[in-house]
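Try each task before reading on.

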Amino acid sequence: MAYDQNNIFAKILRKEAPCFPVYEDDMTLAFMDVMPQAEGHTLVIPKFPAENLFDLDPEYAGAMAKTTKKIAAAVKEAFAAPGILIAQLNGAAAGQTVFHIHTHIIPRSQGIDLKLHARELADFEELKRHAERIRKALG
Ligand code: AMP
């Protein structure tokens, strides 16, 4: 399947759609997931038009991994999370719903179940506050 330039993350990269940003550099962007599976659920995307890992330029794969590590540490601190789940889905069969590659960074605590994937829109004021918390942890 060809990369769809009108997928929502492509629009966010072109600033045609809004997001709650936490970090940006030349090769990547990190922002809050609007239907979080846990408080602090953050996404990292490369600034490269790839649907999935198999289409991604290796240099951007490296940049995405580097940003994921950096943001995961900030999310862990900001939400005092004992665990962090990193997920990256490739293809509809794997559960992928937005076809611009991204990593999920999801705080985990024992005994607290994850909410369903991409199901319930969060309160935008709360997402704004969460993004601020993560930016603060990034220093
Ligand atoms: P995946 O199913 O791995 O492709 O994940 C896509 C993720 O993007 C889901 O967790 C959605 O909640 C999230 N999502 C969808 N639209 C937006 C959006 N406009 N801004 C932020 N996150 C989004």
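**Exercise 1.** How many aromatic pairs does the count come to?

Start with the ground rules. This is a predicted model, in which local features need pLDDT of at least 70, side-chain atom pairs count only at pLDDT 80 or more, and totals for chains, interfaces and linings use all residues. Residues are numbered from 1 along each chain as its sequence is written, and side-chain values use heavy atoms, with hydrogens and water left out.

Next, apply the rule: rings of Phe, Tyr and Trp (its six-membered ring) pair if their centres lie within 6.5 Å; planes under 30 degrees apart are stacked, over 60 edge-to-face, and the rest tilted. The count comes to three aromatic pairs. One of them joins Phe9 and Phe31, edge-to-face, at 5.4 Å centre to centre with 80° between the planes. This pair links distant parts of the chain, as Phe9 sits in helix α1 and Phe31 in strand β2, 22 residues apart. Helices (H or I, at least four residues) and strands (E, at least two) are DSSP runs, numbered from the N terminus.

**Exercise 2.** Describe the surroundings of the ligand.

First, list the neighbours, meaning residues with a heavy atom within 4 Å. The ligand is surrounded by 18 residues, the closest being Asp33, Thr97, Val98, His104 and His117. Helix α1 gives the most to this shell, with three residues.

Then look for polar contacts (pairs of N or O atoms within 3.5 Å). A side-chain N or O atom of Asp33 is 2.4 Å from a ligand oxygen, while a backbone N or O atom of Val98 lies 2.9 Å from an oxygen of the ligand. A polar backbone atom of Val34 is 3.4 Å from a ligand nitrogen.

How values were computed: A polar contact is a pair of N or O atoms within 3.5 Å; within protein, one must be able to donate a hydrogen and the other to accept it, and residues adjacent in sequence count only if both atoms are side-chain atoms.
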